[in-house]
There are 4 protein chains.
Amino acid sequence: MTKDTFKDHLNNVNQFNISKKTDIISLINNLRGTGFNAKRLALACQIYEKMIRDNECVKFFGLAGAMVPVGMQGIIHDFIGDGFIDILVTTGANLTHDIAETLGYHHLQGEVDLNELDDANLRQERMNRIYDVFLPDKVYEGIEDFISELEIPDHNMSVSSFLKFLGQQLPDNPHSVLKIAAEKNVPIFCPAFTDSGLALQLGFHFQKLNLNHFKDMLEMVDLAWDATNAGVCIIGGGVPKNFIFQSLQFCPTSAKYAIQITMDRPEPGGLSGATLSEAMSWGKVNEDAEHSMIISDATIALPLILWYLKTLFP
Amino acid sequence: MTKDTFKDHLNNVNQFNISKKTDIISLINNLRGTGFNAKRLALACQIYEKMIRDNECVKFFGLAGAMVPVGMQGIIHDFIGDGFIDILVTTGANLTHDIAETLGYHHLQGEVDLNELDDANLRQERMNRIYDVFLPDKVYEGIEDFISELEIPDHNMSVSSFLKFLGQQLPDNPHSVLKIAAEKNVPIFCPAFTDSGLALQLGFHFQKLNLNHFKDMLEMVDLAWDATNAGVCIIGGGVPKNFIFQSLQFCPTSAKYAIQITMDRPEPGGLSGATLSEAMSWGKVNEDAEHSMIISDATIALPLILWYLKTLFP
Amino acid sequence: MTKDTFKDHLNNVNQFNISKKTDIISLINNLRGTGFNAKRLALACQIYEKMIRDNECVKFFGLAGAMVPVGMQGIIHDFIGDGFIDILVTTGANLTHDIAETLGYHHLQGEVDLNELDDANLRQERMNRIYDVFLPDKVYEGIEDFISELEIPDHNMSVSSFLKFLGQQLPDNPHSVLKIAAEKNVPIFCPAFTDSGLALQLGFHFQKLNLNHFKDMLEMVDLAWDATNAGVCIIGGGVPKNFIFQSLQFCPTSAKYAIQITMDRPEPGGLSGATLSEAMSWGKVNEDAEHSMIISDATIALPLILWYLKTLFP
Amino acid sequence: MTKDTFKDHLNNVNQFNISKKTDIISLINNLRGTGFNAKRLALACQIYEKMIRDNECVKFFGLAGAMVPVGMQGIIHDFIGDGFIDILVTTGANLTHDIAETLGYHHLQGEVDLNELDDANLRQERMNRIYDVFLPDKVYEGIEDFISELEIPDHNMSVSSFLKFLGQQLPDNPHSVLKIAAEKNVPIFCPAFTDSGLALQLGFHFQKLNLNHFKDMLEMVDLAWDATNAGVCIIGGGVPKNFIFQSLQFCPTSAKYAIQITMDRPEPGGLSGATLSEAMSWGKVNEDAEHSMIISDATIALPLILWYLKTLFP
C-alpha cells in the first residue's frame with residue numbers, strides 16, 4: 001500500500017437501508033460500499049461479472065465440499081448451463097453424489113443435533129451422515145447397478161474423458177452436473193478420482209481400469225497455456241484449488257481474476273486457507289489481478305453470486 | 001433424537017434453481033430445504049418471523065462486533081424502527097461509532113492488504129483501523145465536543161437511562177441507532193460501558209459520573225421476568241450474549257426462540273461460540289425452543305434476514 | 001517489509017527431532033525455527049521472557065473465556081504468584097467460578113457428545129454445561145451463602161477495590177486467583193462486572209450497591225500512563241482485550257510487547273480477532289513492539305508458556 | 001448419553017500446577033483432567049499410546065497440510081522410524097517438499113507481515129510463499145535434475161510402488177520421510193499424486209508414465225481388509241482423511257482408535273472438519289472406538305504427541 005493508493009480508496013462507508021425496492025443487484029451494490037465479508041462478497045460478484053464480460057477469459061471453477069449432497073447441485077448445474085464455467089475441477093465425492101441424484105435417488109434432510117449413540121443407530125439403519133444431510137447405503141447399490149452396466153470404451157483414457165463418457169450415459173436431469181457438462185462440452189477434472197465411492201465401484205467391476213491421471217494433468221496445463229486471460233472461482237479449497245493453481249503457473253499471464261469462498265484460515269499454513277495474495281508469489285495469480293476471498297459457508301454465498309449473475313445475464 | 005423424530009425429518013434435500021422469478025422469500029424458502037449454514041439461515045429467518053407474529057414475544061437483540069463502523073448502522077436502525085427489536089444490548093464501541101455517524105462524521109472504506117509498516121503509517125496519519133474500515137482520530141474530537149456540552153441530569157442514573165438521554169440529545173439522522181431507540185422507547189443496555197471511547201470521554205469530562213450498572217442489571221432481570229415469551233437474536237456473542245442469557249434465566253419460560261450469527265466455534269469453550277443447545281442446560285433457552293445458530297459473518301447474514309422480514313412485514 | 005529486512009530473516013526452517021534430551025526449553029527453541037503457529041507460540045514464550053527480564057515493564061494480562069472452569073485456575077494463580085502478571089483484567093464469569101473453586105466446590109468433567117435431549121436432561125438435573133465441563137446449580141447456593149455474609153465497607157467503591165476486598169475474605173486455597181491477587185497486591189479489573197452470576201447475587205443482596213465502574217476506568221488509565229514500558233498478554237479477546245488496549249493509548253510508549261492467544265480470526269472485523277498490527281494504527285501497540293498472536297485454544301498454549309517461564313525463572 | 005454413563009464421567013476438573021517436576025508425561029496426565037482442547041490433546045496421546053501397545057493394530061496416518069515445509073519433516077520421519085506409523089497417506093506437496101529437503105535444499109523462515117506488493121516482489125525474486133515459509137524457485141530445478149535422471153522400472157506401477165522406488169533413490173538424510181518409509185517398508189499412498197509439482201515434473205520428463213492409481217486404491221482396501229484392529233491418526237483432513245476412511249469401511253471392525261488434529265469445523269459440511277462420530281454412521285469408525293479430535297494447529301499438537309510417545313517408548 002503506497003500512501004497514494006491508500007488515499008484513493010478512502011470512500012465513506014455506505015450506511016444503507018433495505019426497502020421494497022431492494023433487489024439482488026442493489027443489495028450487492030450497497031454491500032460493495034461496506035466492509036468485512038459483505039464487501040468481499042460484493043466484490044466477488046463484480047469480479048465474476050467481469051470474467052463473463054471478458055470474452056477472452058477462460059473460467060476455471062474449483063469445487064470441493066459436499067455441495068451436491070447439500071442441495072447446491074442445481075446451482076452448479078446452472079453455472080455450467082449458463083456458460084459461467086469453462087473448466088470444472090472437483091472431488092470424486094461430488095461426482096458420486098451427482099450420479100445418485102441424477103439416477104433419481106435423493107439425499108435426505110436431517111437434524112444435526114446428534115450424539116454418538118445416534119450415529120451408531122444411523123449405522124444400524126445403514127444411513128450415512130454428511131453433517132445434517134443423510135444418504136441411505138442402498139443408494140450406493142443403485143449407483144453400482146449403473147456402473148456395472150457401463151461399457152467403457154478405453155481402460156487407459158484420461159479421467160476427464162471418462163467423466164464425459166459417464167455424463168453421456170446418464171439420463172436427462174435438470175440438475176445433473178455430469179450431464180450438463182457433457183452436453184456443454186465443459187471438461188471435468190478430478191485429480192483425486194480414486195478417493196471416491198465412484199472409483200471404488202469402478203475398481204471392483206473393471207479390474208483392468210487404469211484411467212490415465214497424467215494425461216489429465218498435462219491437458220490441464222495445455223488449457224492454462226492457451227488461456228489468454230484466466231479467471232478462477234474456488235469453492236472450498238483442497239485438491240481442486242491446488243490443481244487449478246498449479247496449472248495457472250503455465251498460463252502466460254496467470255490468473256487475471258480470482259475468487260474463493262472458504263471457511264479456512266491462512267495461519268495454519270494449509271493451501272485451502274491461503275490468501276489469494278500468497279498465490280501471487282508463485283505466479284499463480286497475477287500481481288494485477290482483481291481478487292476476493294469470501295470467508296463464508298459457500299451454501300450461503302454461492303446462490304447469491306449466481307442470483308446476481310443470472311439477473312445481469314438473463 | 002428418537003428413532004421416530006428422526007424419521008419425521010427425513011425430507012429430500014431440495015435441489016433448486018435460481019430464476020428471474022427468484023425473490024428473497026423464494027430464495028429463503030428454497031434454502032430451507034437444503035443443509036449446512038444455508039438451512040440455518042433460512043431457519044433463522046422463519047424463527048424471527050415467528051417472533052414478530054407472536055404478540056406476546058419480547059424480542060431481545062444482542063449486538064457485538066463492529067457492525068456500525070462497517071456499514072450496518074442502517075440495518076440495526078431499521079430493525080428497531082420496524083419494531084423487530086424490543087430490547088437492545090450492545091457494546092460501548094457500537095454506541096461510540098453510532099454517535100460519530102449520527103453527528104455527520106463517516107467511517108472510511110479502505111483496503112485490508114496491509115503490513116505492519118502500513119499500520120505504522122496509519123498511526124502517523126492518525127487514522128485508526130478496524131480491519132478494512134478506517135476512522136480518523138479527529139472524529140473523536142467531534143464526539144468530545146458533543147460530550148463536553150452535555151448537561152447530564154443525574155450522575156447516578158443507570159447506563160440505559162443515560163443512553164436514552166443521549167439519544168434525545170443527538171440530531172435527527174436516518175441511520176442512528178441511539179436516536180431511533182430513544183424515539184421508539186427501546187431500551188439500550190451496555191453492561192461493559194466503561195470499556196469504550198465514549199465512556200472514557202465522559203469520565204474525563206464528568207469526574208463525578210457514577211452511572212449505576214447494577215440498576216441496569218436488575219432492570220434487565222425485571223424485563224425478562226415480565227416476558228411471557230422471550231425471543232433472542234444474538235449478533236456475534238460476547239457480553240451482549242451473556243447479559244441477555246443471564247437475565248433469561250429469570251424469564252418464566254426462558255427463551256422460546258433463539259437465533260445467533262457468529263463465526264466462533266464451541267470447542268474452545270468460550271460463551272460466544274457455545275451452542276444454543278448448551279444454553280438449555282442453564283435454563284436460558286427453553287428445551288422446546290426453536291433455535292438456529294448461523295456460522296457466518298453477520299454482515300452477510302443480517303441484511304438478508306432484514307430483507308426477508310421487511311418483505312413479509314412491509 | 002523492505003527488501004533488506006526480508007533478506008535478514010531468511011534463515012533455514014529448522015527440521016528438528018525429539019529425543020530423550022528434549023525439555024520444554026529445547027522444544028520451544030526448536031519450534032522458534034519453524035513456522036505457522038508453532039513459531040508464534042515459541043515467539044510468545046520469548047516475548048513473555050523479555051517482559052519479565054525488563055524491570056521497567058508493567059505486565060497487563062487479559063483473561064476471557066472459561067479458563068477457571070476448565071482447569072486453568074492454578075495456571076493463572078501461578079502467573080500471579082510468580083510475579084508474571086502486574087494487572088489482571090478479566091470477566092465476571094472467571095471470578096464467579098474462581099470463588100466456587102476457592103470455597104471448595106468443583107467443576108466436573110463430562111462428555112461433549114450430547115444432543116439437545118441431553119441438555120434438556122441436564123436442566124432437569126440442575127447441571128449447567130460449559131462445553132464439556134459441568135457445574136451443579138447448587139454450587140451457586142454455596143456462593144450465595146458466602147456473598148450474603150459479606151460486610152461491604154463501601155457501596156460506591158471501584159470494582160477492583162471490591163475484588164481485592166473479596167479476595168481478602170476468601171479462605172486460603174492453592175489455586176485461587178482472587179486470593180493470590182489480593183495477597184500479591186495485583187489489581188483485578190472487571191469492566192463488565194454486572195454481566196456475571198457474582199454481580200447478580202450481589203445485586204439481589206445489596207440493593208444499594210453501586211460499584212463505581214468509572215473509577216476503575218480512570219485508575220486503569222493512570223496505571224497505563226505511569227508505565228514506562230508496557231507488556232500485554234491477552235487470553236481470548238473480548239472486553240479484557242479492549243479495556244487493556246483503550247488504556248494503553250494513554251501509555252507514553254504504548255505496548256512494547258504484545259501476545260495474544262485466540263481462536264478468533266480478523267476477517268469478520270471484531271476486536272477479539274483483530275491482529276496486533278491493527279492495534280498499532282490506534283497507538284495501542286508500539287510500532288516497534290515485539291508481538292505474537294497464537295491461533296490456538298489457550299488450554300493448550302498457556303500451560304506451555306507457563307512451563308517455559310517457570311523453568312527459566314524457578 | 002444415558003444418565004448412567006453421564007454420572008460415570010463426573011470427575012472433578014483437575015486444577016493443577018506446573019512445577020520443576022513437570023515433564024511431558026505429567027503435563028499430559030494433568031491436562032487429561034481438564035476440558036476443551038487440552039483434554040482432547042491428552043486423550044489423543046493416550047489413544048495413540050494404546051494403538052502402539054495393541055500388537056494387532058494397524059496404524060494408518062493421514063498427512064495433509066504443509067507439514068514438511070514448516071519444519072515437521074523430522075517429526076513425521078520419527079513417527080515412521082519409531083514404528084508409530086504402518087501406512088502413510090499424504091499429499092503430493094509434502095512429498096515434493098520432502099525431496100527438496102532430502103536433496104539438501106532448505107525451506108526458509110520468513111515473516112508473514114506482508115502485503116500484496118510484497119507478494120509481487122517475492123514473485124520478482126522467484127521466491128514462493130507458504131504462509132511464513134519460503135521456497136526459492138531454483139529448488140525446483142534441483143528436484144528436476146534428480147527426477148530427470150530416474151530410470152523408472154515400470155510406467156504402470158502403482159503410485160505407492162513408485163514412491164518406494166523414489167525413496168530408495170534418495171540419499172541418506174536424518175529427516176527424510178520418503179527415505180525412512182522405504183527403509184522401514186512403510187507404504188506411502190498419495191491418491192492425488194498428479195496434483196503436485198513432483199508429478200508435473202515426472203509428466204514432463206516421462207510422457208509414457210501412467211502410474212496406476214486404481215492399483216493403490218485396491219491395495220489400500222486389502223490392507224484395511226486384513227487389519228484385525230485399525231487405528232487412525234489424521235493431520236489436517238483432505239484427501240488423506242477420506243482415502244483412509246473409505247478403505248476402513250472394508251475393515252472387519254472399522255477403526256477402533258481414531259485421532260484427528262485440525263482447524264476445520266463441522267458446520268460447513270466438508271469432510272475435513274467432520275466429527276469422528278459422523279464417521280461412525282458410515283462404518284468407518286467403530287461405534288465403540290476411542291477417539292479424539294483436537295482443534296489445533298498441528299505444528300503445536302503433533303510434536304507434543306511425539307514427545308509423549310517417545311518418552312513412553314524410548
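In chain A, strand E4 (residues 108-109) pairs with strand E6 (residues 133-136) in the antiparallel sense, over 2 bridges. Helices (H or I, at least four residues) and strands (E, at least two) are DSSP runs numbered from the N terminus, and two strands pair if DSSP finds at least two bridges between them. The model is predicted: local features need pLDDT of at least 70 and side-chain atom pairs count only at pLDDT 80 or more, while totals for chains, interfaces and linings use all residues. Residues are numbered from 1 along each chain as its sequence is written, and chains are lettered from A and ligands numbered from 1 in the order in which they are written.

E5(A) and E6(A) form a hairpin with 2 residues between them, and A:Tyr131 in the turn has a positive phi of about 55 degrees.

In chains C and D, an open sheet of 4 strands has the order E5(C)-E6(C)-E4(C)-E1(D), with antiparallel pairing. Its edge strands, each pairing on one side only, are E5 (127-130) of chain C and E1 (11-12) of chain D. Strand E4 (residues 108-109) of chain C is joined by 2 bridges to E6 (residues 133-136) of chain C, and by 2 bridges to E1(D). C:Leu108 takes part in both pairings: its bridge partner in E6(C) is C:Phe134, and in E1(D) it stands opposite D:Asn12.

The contact between the two chains takes 55 residues from chain C and 55 residues from chain D, where residues are in contact if their C-beta atoms, placed from the backbone, lie within 7 Å. Among the elements of chain C that give two or more residues to this side are E1 (11-12), H3 (36-53), H4 (67-81) and H14 (298-312). By class, the side of chain C that touches chain D has 22 nonpolar, 23 polar and 10 charged residues. Ala, Val, Leu, Ile, Met, Phe, Trp, Tyr, Cys and Pro count as nonpolar, Asp, Glu, Lys and Arg as charged, and the others, Gly among them, as polar.

A rotation of 180 degrees with 0.0 Å of shift along its axis superposes chain C on chain D, with an RMSD of 0.0 Å. That is the relation of a two-fold axis. The superposition is by least squares on the C-alpha atoms of residues with pLDDT of at least 70 in both copies. The same surface serves both copies, as 98% of the contact residues of chain C recur in chain D. Of the residues of chain C, C:Ser296 comes closest to the rotation axis, with its C-alpha at 2.9 Å.

H4(C) also packs against helix H9 (residues 177-184) of chain C, at an angle of about 10 degrees and with the axes 9 Å apart. Axes are lines fitted to C-alpha atoms, for helices over the stretch in contact, and angles run from 0 to 180 degrees between N-to-C directions. H4(C) is therefore roughly parallel to H9(C), a term for angles under 35 degrees. Residues of H4(C) including C:Ile76 and C:Ile80 meet residues of H9(C) including C:Val177 and C:Ile180. This contact has 6 nonpolar, 3 polar and 1 charged residues.

Key:
Parallel < 35°, antiparallel > 145°, perpendicular 65-115°, else oblique.
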